[in-house]
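Hello,

Here is the structure I promised to pass on to you. Have a look at it first, and then read on for my notes.

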Amino acid sequence: MGWRRPPLLLWCLFLLLSSAASLSRAATRHHEWEISYQFRSPDCARKLAVTINGQTPGPTIRATQGDTVVVRVKNSLLTENVAIHWHGIRQHGSPWSDGTEGVTQCPVLPGDTFTYTFAVDRPGTYMYHAHYGMQRSAGLNGLIVVEAAAGGPDAEPFEYDGEHAVLLNDWWHASTYEQAAGLASVPMVWVGEPQSLLINGRGRFANCSAVAAAGGACNASLPECAPPVFAVVPGKTYRFRVASVTSLSALNFEIEGHQMTVVEADGHYVKPFVVKNLNIYSGETYSVLIKADQDPNRNYWLASNVVSRKPGTPTGTAVLSYYGGRSSPRRPPPTTPPTGPSWNDTMYRFRQSVATVAHQAHIQTPPPRADRTVLLLNTQNRINGAIKWALNNVSFTLPHTPYLVAMKSGLLAAFDQRPPPETYAHQGYDIYGVQKNQNATASDGLYRLQFGSVVDVVLQNANMLAPNSSETHPWHLHGHDFWVLGYGIGRFDPAVHPASYNLKDPILKNTVAVHPYGWTALRFKADNPGVWAFHCHIEAHFFMGMGIVFEEGVERVGKLPKEIMGCGMTKGH
Ligand code: C2O
Ligand code: CU
């Protein structure tokens with residue numbers, strides 16, 4: 001059949017689209033960051049914090065889909081290394097910019113500068129944070145907001161008049177060194193629940209006056225720890241971008257008196273559903289819409305509460321205030337802040353997880369079957385008396401030479417070449433009991449995936465070392481989004497449960513919760529050449545071994561920048 005001239009209307013459409021494309025030409029967004037320790041008082045109590053250009057949280061990176069982001073990072077921490085991960089950015093073609101120390105790069109030494117360059121190819125709400133030791137919890141974190149390209153296929157399937165960003169965190173007064181040393185000690189010295197919950201880097205330490213009276217550095221009237229105010233115009237609809245960078249806490253977020261419609265999760269559009277409050281796990285982002293339709297003459301609380309662990313931290317608060325109302329924006333609402341659902345109501349959170357599916361107009365259908373299934377039992381174990389976390393009884397340790405460099409340079413001795421186990425003895429395993437063999441082995445081996453293959457991972461939660469305890473683990477995959485195929489409570493049975501997977505409209509995410517005594521099944525395509533971490537986003541859990549690493553298509557990765565080298569077996573490279 002010969003080529004026929006398309007009808008005039010199509011030509012016009014084509015011309016229109018191509019001119020729109022050239023109007024929204026991709027931009028390069030440059031940032032210069034200096035990382036340093038500063039005394040800060042996010043919850044009114046003074047503490048050393050890791051800051052970006054003096055700020056914690058750091059500046060929000062704003063870009064448009066298709067842009068390139070360049071961040072030049074100078075490490076001015078003096079005695080500490082650094083690496084920064086761009087959480088939710090897949091790093092297509094730039095696996096060395098993922099910022100995962102030990103996996104994709106050597107740490108950036110004090111005094112050194114490192115430039116991260118990556119494309120933001122998808123609109124949505126993302127975050128960044130330190131990925132070295134437990135540094136994230138010292139304050140090095142912030143938001144990435146990527147706007148949809150105008151008129152493109154990823155334009156939002158919802159409307160709003162204005163937007164606000166909410167970055168949730170938990171905060172300790174003990175330094176991250178003290179916390180890390182405590183975790184590695186025998187017996188373990190546990191730091192306990194956070195002192196405060198922060199909203200956009202601000203909170204209120206409950207015992208400030210007692211600390212101040214005893215001569216400590218806490219001052220409840222510092223402007224630095226005044227509650228953030230979110231202002232709205234009566235009658236308008238707002239998009240709240242909500243992200244959690246907590247080290248430990250699963251949170252429940254609520255805006256008093258205002259229902260929320262969930263519309264985005266981890267950069268993907270959600271089939272809208274309405275909630276009174278939102279469960280959000282570390283590493284997750286959501287967008288919710290709220291209508292400013294309440295009495296404008298009073299203020300309302302924004303509240304964040306700990307769920308899934310027995311709370312030992314007061315509610316984190318901020319204020320919603322209406323423009324033109326009779327209440328001053330600084331005035332606390334006349335009510336007590338919402339306390340959220342009961343902390344141990346697992347089914348309540350489970351239902352919200354299950355309700356999060358893809359928007360009907362933005363479904364990306366998953367491949368119908370997997371080429372390989374990895375079944376991972378999540379347990380707490382011991383190695384030489386120290387408490388660890390393990391997958392199939394293997395506790396992860398980071399190698400001294402980053403995998404990406406080791407594999408490209410053929411440095412076989414850089415890490416354990418034996419692959420970690422694909423499964424565990426699931427048939428007779430009692431997930432509700434304390435594990436009989438508590439010993440784990442430590443390994444820095446990785447999973448090598450066939451390039452382009454489809455991989456299923458089933459995460460099975462279980463009991464911890466103490467009887468009757470199982471906690472929520474938010475699992476995060478670098479370099480990919482995965483389809484969330486299913487959740488369950490109880491023991492996963494590979495002969496039964498895959499039949500109930502959602503292959504119709506599963507949401508794509510980069511972080512997903514595994515509920516207490518539950519399982520979560522996910523699927524991804526191993527199509528991004530590089531080496532990618534997959535780990536629990538609880539800072540202490542990853543530090544104690546709760547993670548694995550995938551390699552795929554590393555032979556397709558181009559020449560590595562030499563800036564990522566210089567440690568372990570790559571010294572002198
Ligand atoms: Cu946001 Cu490897 O983590
Ligand atoms: Cu965990």
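Let me start with a question: which residues of helix α2 (residues 176-184) are buried? They are T176, Q179, A180, G182 and L183. Looking down the axis of α2, you will find these buried residues within an arc of 160°, so they line one face of the helix. What they pack against is α6. Please keep in mind throughout that this is a predicted model.

The copper ion (ligand 2) has three kinds of label to look for among its protein donors: H473 (ND1), C536 (SG) and H541 (ND1), which lie 2.1 Å from it. Along the chain, the spacing of these donor residues is H-x62-C-x4-H. H473 belongs to strand β26 (residues 473-477) and H541 to helix α6 (residues 539-543), so this pair ties together parts that are 68 residues apart in sequence. H473 and H541 are both buried.

Next, the domains. The unreviewed UniProt entry lists residues 36-149, 164-324 and 423-553 under "domain: Plastocyanin-like". In the model, residues 36-149 are 0% helix and 42% strand, with 35 Å between the end C-alpha atoms. For residues 423-553 the content is 4% helix and 40% strand, and the end C-alpha atoms are 23 Å apart.

One of the pairings is that of β5 with strand β7 (residues 124-130), which is antiparallel and runs over 4 bridges. Within it, H85 has H129 in β7 as its bridge partner.

A few backbone details deserve a look on screen. Most residues other than glycine have a negative phi, and most peptide bonds are trans. Here are the exceptions I would point you to:

- The peptide bond from T56 to P57 is cis, with omega near -10°; P57 sits in the loop between β2 (47-52) and β3.
- V186 and P187 are also joined by a cis peptide bond, with omega about -5°; P187 is in the loop that runs between α2 and β10 (196-199).
- L78 has a positive phi, near 70°. This residue lies in the loop between β4 (68-75) and β5, and counts as exposed because its relative accessibility is 72%.
- S308 has a positive phi too, near 80°. Its place is the loop between β18 (300-307) and β19 (316-322), but S308 is buried, with a relative accessible area of 10%.

Finally, a word on R369, in the loop between α4 (346-355) and β20 (372-383). Is R369 buried or exposed? Its relative accessibility is 61%, so R369 counts as exposed. Leaving aside residues up to four places away in sequence, R369 touches V454 and R523. From R369 to H426 there are 57 residues along the chain, and their C-alpha atoms are separated by 21 Å.

I hope you enjoy looking through it.

Best wishes

Conventions. Residues numbered from 1 in each chain as written. Chains lettered and ligands numbered in written order. Predicted model: local features only at pLDDT ≥ 70, side-chain atom pairs only at ≥ 80, totals over all residues. Heavy atoms only, no water. Donors = N, O, S within 2.8 Å, 3.2 Å for Na, K, Ca; no water. Helix = DSSP H or I, 4+ residues; strand = E, 2+ residues; numbered from the N terminus. Buried < 20%, exposed > 50% of the residue type's maximum accessible area, 1.4 Å probe, protein only. Pairing = 2+ DSSP bridges. Contact = heavy atoms within 4.5 Å. UniProt positions renumbered as here; feature names shortened; annotations may be inferred. Arc of directions from axis to C-beta.
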